[in-house]
Each structure stands twice: as C-alpha cells, then as structure tokens.
Amino acid sequence: MNNSRQQGTHGESLFSALCTAPNSKHNATLNPSTNDQHGWDFFVEIEPSVGSDLPADLQEPNIQCLAQIKTTRANVPKIKLRLSNAIKAIQSSFPTFVFLFQFSNHSDQPRLYGRHIWKTEIEKWLKRARELERIEKLPHQVEATLTFADNDLVDENPADWIMSRVKEVGEDYPAQKKDVASRIGYDSFTKQGTIEIGPLETFDAIADHELGLRDSLPIQSGNLYDVRFGIRSRKPIREWGPGKIRISFDGKPVKLRFYTASQQHVELDALCWHQRSIDLDDPNFRMRIKTAHFDFLVKPNGESQNFDLSFNLDSIGTVFEHHQHLTLVNALPHGETDFEIAIETGVLLKGRFRFDAQPNASLIDFESAVNWLCNILTEAVSRKLEVSADELVSICGQANFTRQILSGKNIKISNKFKNETGIFHKIAGYTYFPAGIFYIGLVFEIELFKSEVVDGETNFYLNNPKIIRKSAFKEDKHQCKSRTHAYFQDHLANIDYAVGIFQQGDIIELQKAIMKDGLLKFEIK
C-alpha cells in the first residue's frame with residue numbers, strides 16, 4: 001500500500017475496528033470528522049464499564065474525546081502536524097489523543113502508538129507558539145513534531161487505553177486541563193509594561209503614593225505585555241490613555257514598642273510602609289507607621305521627633321488594638337520616651353518621641369467598654385472585630401444588662417417567684433448581643449452567696465461570675481440565640497451539681513421580665 005491517502009484511510013478504518021472489537025471492556029462509538037479542518041479524525045465516545053450497581057442517574061458519564069490517526073512506513077515513529085492544530089488541541093476542553101500506525105514490509109500487523117496530549121506536549125507546543133513572536137510567523141505556517149517511543153506502544157484495546165489515560169487525570173478533566181494550560185510557561189512575573197506618570201506637582205507625590213498618603217497618580221499613557229517562557233508578546237495585551245493609576249503597596253506588619261520610665265515596654269501591632277523610589281540612605285527617605293489611633297512618618301536618620309498622642313473616637317480598629325492603645329496611654333509618662341520599630345528578625349530603627357497626652361473625659365466610657373469586651377471575647381475575635389471607639393461604647397450600651405450581670409460586683413435579684421426555690425449554689429444562664437459583624441454568645445455561671453425571704457419576696461445575692469463558653473457567630477440574632485441555647489443545654493447536661501435558672505436561662509428574657517415588673521420563672525436543674 002504505497003498511496004499515502006489510501007494508507008491513511010486504512011489506518012482510520014483499522015483504528016475504528018480495533019476500538020469496537022469484541023475484546024474491548026468498554027463500548028465505544030466513533031464519529032468520523034466529515035470536514036477535517038482542525039486535525040481530528042474521530043470524535044470518540046466511550047461508555048464506562050458495564051455492570052454498575054449504582055442507579056442510572058449516579059453512574060459515570062461517557063468519556064468524550066478527540067482522536068487523530070496517523071500512519072507511517074518510516075523506521076522512526078514520528079509525525080508532523082500543524083502547530084495551529086496542536087494549539088487547538090490544547091485549547092479544547094476534551095481529552096485529545098494522537099495515534100500512529102507504523103507499517104512495515106516485514107509484517108502484516110502494524111505497531112500502534114498512542115499519546116495523550118498532556119503536560120509534556122502542552123508545554124512543548126505552547127513554548128513553540130510563543131517563540132513565533134520572535135520570528136513573526138503564524139501557527140498554521142509552522143509544524144509541530146511528535147516522536148513516539150516504546151513506552152507509547154498501545155498493547156490493549158485503544159478504547160480501554162483511552163479510558164485509562166483519562167482516569168489517570170482524575171475528576172473534572174476540563175478544569176484540570178485548563179489549569180495546566182494556563183499555568184505552564186509563567187514564572188512569578190507574568191506581565192511587563194510601561195507607564196508614563198505625570199504631570200506631577202512635585203516628586204514627593206510619588207513618595208506620598210508609596211506611603212499610602214495619596215490615593216492615585218496621574219498618567220499620560222501605559223501598556224501591558226504578556227510574558228511567557230521568558231518571551232514578551234509582540235503586541236500589548238492592554239493599553240491606556242490619560243487617566244489615573246493606583247498602585248497598591250501593602251503595609252508590612254511590625255511591632256511598635258514604647259519604653260516606660262522603668263524601661264518596661266508597651267508593644268503595639270502596627271503596619272509599616274516605606275518609600276521605594278529613593279534609597280534608604282537618602283536624607284529624604286521616610287517610613288510610615290500606622291496603628292488604629294495614630295499615623296506618623298519617621299526618618300531613620302537619628303533625629304528626635306515630636307508626636308502628639310491623641311485618640312480620635314472615630315478611628316477604626318480591632319478591639320485588641322483599642323486595648324493596646326489604652327494600655328499605652330496609661331503606661332507612658334509625659335515627656336520624651338524611647339521607641340523602636342521591630343520585625344521578627346530584629347529592630348529596624350530606634351528613636352525618641354515626646355508625648356503630651358492630655359486627660360480626656362471621653363476616654364472613660366471607651367476604656368470601660370474596651371476592658372469589658374476584651375474580657376468576654378476570645379483573643380481571636382478581639383483581633384478580628386473592627387469598630388470605632390464610639391461603636392464600642394454603643395455595643396456595650398446595648399449589652400448593658402449583660403454587663404451588669406457579668407460585672408463581678410454584688411448583684412441582687414428580688415421577686416415573688418411562681419414556684420418554690422430549693423437548695424443550689426450557682427445561677428446558670430446564657431446571653432447574646434450584637435457586636436459589629438458578629439453576634440456574641442455567652443454561657444455563664446454566677447455564685448449564690450446569700451438568699452433570704454423578706455415580706456414574701458425572695459432575694460438572691462450573687463457575685464463572682466464565670467464565663468463557661470464564649471462564641472462568636474456571623475449570623476443573625478435568632479441563629480445566635482439558637483446556637484447559644486444549645487451550648488447552654490450541653491453545659492447543663494454535663495454538670496453534677498444543682499444550679500438555679502431564671503427564665504429558662506435566657507438573660508435577655510430575664511431583663512424583659514424585670515423591666516415589666518412581672519413574676520420571674522425560676523427552676524433548679
């Protein structure tokens with residue numbers, strides 16, 4: 001068979017016959033390409049193994065793939081195909097395969113090679129396509145080669161072999177193939193470009209933007225190129241005209257330490273920005289240090305700097321940060337004090353600040369609120385809950401009754417209870433209240449140190465509250481109440497002593513009953 005077209009037709013017929021032979025473990029359907037414009041001879045559908053005990057709607061779907069059939073009489077099993085078709089194979093979401101029948105004058109039975117187009121071929125062909133950017137040729141003008149080896153020999157039914165290769169990839173084949181093709185050839189820097197910045201009032205505008213003090217910079221023009229396999233695209237993938245640009249510089253976490261008169265230090269979590277447009281040893285080099293309540297610039301050149309410590313009650317910060325700053329106010333002396341900015345590997349710089357913090361009456365409620373929230377929240381939540389000082393005071397105002405119950409001071413509850421009170425030594429309950437993006441749930445106990453009956457009313461005297469469980473939910477009030485009530489019931493089921501319970505343990509309901517001056521529900525569990 002010397003005619004190459006006849007040989008190719010024979011190869012296609014032989015491949016179809018092999019896939020549908022009785023020895024196949026899978027039923028295969030081959031639909032030939034009637035208008036082969038993209039290099040594929042068959043659209044192959046393969047059914048999973050028969051005999052599954054699963055319901056029909058839960059059984060594995062058919063495998064659908066593309067197959068190209070090649071033939072050769074050459075001693076080396078090697079083929080050529082258009083690079084444009086190779087790229088289409090990569091871009092297709094279907095599994096793609098190339099098969100080669102190698103005919104020989106010494107045997108009537110050809111050898112069959114098969115290759116699953118996967119990582120090796122994807123990388124080779126994508127790199128070849130990107131190299132065309134240097135020689136200004138189109139993919140259909142260039143050939144891609146594929147050389148087979150002995151480990152490519154298909155020694156089983158081709159349909160079974162295809163099914164095995166697809167299953168090796170695992171679930172969601174299209175997504176995995178797309179991920180492989182989109183990542184190969186890209187290093188840490190995938191884009192290159194130029195931006196013409198201006199006009200600027202002064203060069204300091206760039207520095208201010210680097211430090212986060214300026215929102216954006218004006219630009220005249222800009223372009224962006226794709227870089228793959230170290231080769232830049234010939235034409236930009238994006239271009240800009242006059243406008244504005246914002247370059248994001250994330251602050252690096254640092255520790256800001258201030259030293260007291262006794263050389264004990266108070267440490268704050270802070271973020272640090274530094275200039276990139278000038279060198280560290282430049283006399284104009286600046287660093288920006290920002291915490292929840294103050295924001296200042298430092299020059300690491302050893303000069304003394306003044307700083308006015310003042311609290312802005314509109315400042316947003318986490319509960320943890322607010323607590324840190326209050327600790328700072330209470331600990332630092334007036335006048336000059338030493339400070340340092342540190343990272344994990346050591347101290348970045350040292351200096352001196354002058355503090356002139358004036359007493360502020362508005363800090364009293366704020367300090368009380370912060371101290372209480374830090375006590376009832378887990379540290380993880382206190383580091384996540386971002387609120388202003390005013391919002392903190394408002395949160396504690398809404399939870400005022402809970403604060404009173406859990407204050408630790410002597411508490412008196414008096415009422416003519418509907419049922420008898422027995423012997424117990426603790427009151428148990430749960431409560432819940434909103435705090436920023438969270439709803440806080442608490443399960444607690446309070447010790448009973450005295451009880452008495454006066455003029456028909458029973459008086460309970462309580463102190464020494466103990467929080468049994470703290471929870472924070474990003475849910476609504478009703479969900480928070482339900483979850484916290486469940487935790488409360490779990491607590492009751494695991495104690496071996498009697499506790500008194502008002503209003504079934506719900507402190508919010510207790511507050512409502514007290515405000516209505518009604519009878520309280522009381523029970524011992």
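A charge is said to sit over a ring if NZ of Lys or CZ of Arg is within 6 Å of the ring centre and within 35 degrees of the ring normal. In this predicted model, the charged end of Arg 232 is placed in this way over the ring of Tyr 225, at 3.8 Å from the ring centre. A further case involves Arg 383, whose charged end sits over the ring of Phe 320, 3.8 Å from its centre.

Contacts between aromatic rings were also examined. A pair of aromatic rings is described by the distance of the centres and the angle of the planes. The structure contains 17 aromatic pairs. One of them joins Phe 460 and Phe 502; the ring centres lie 5.9 Å apart and the planes meet at 70 degrees, so the pair is edge-to-face. Phe 460 has a relative accessible area of 1% and is buried. Phe 502 is likewise buried, at 2% relative accessibility. Elsewhere, ring pairs join Phe 15, Phe 42, Phe 97, Phe 99 and Trp 161 into a cluster.

The largest pocket has a volume of about 370 Å³. It is lined by 15 residues, of which Pro 61, Ile 63, Val 166, Gly 170 and Tyr 173 are the closest to the pocket centre. At least two lining residues come from each of β3 (63-72), α4 (158-169) and α5 (173-183). By class, the lining consists of seven nonpolar, four polar and four charged residues.

Terms used. Residues numbered from 1 in each chain as written. Predicted model: local features only at pLDDT ≥ 70, side-chain atom pairs only at ≥ 80, totals over all residues. Heavy atoms only, no water. Phe/Tyr/Trp six-rings, centres within 6.5 Å; stacked < 30°, edge-to-face > 60°. Buried < 20%, exposed > 50% of the residue type's maximum accessible area, 1.4 Å probe, protein only. 1 Å grid on protein atoms, 1.4 Å probe; cavity = no way out; pocket = protein on both sides within 12 Å on 5 of 7 lines; lining within 4 Å. Points joined across faces, edges and corners; volume = space filled by probe spheres on them. Helix = DSSP H or I, 4+ residues; strand = E, 2+ residues; numbered from the N terminus. Nonpolar A, V, L, I, M, F, W, Y, C, P; charged D, E, K, R; others polar.
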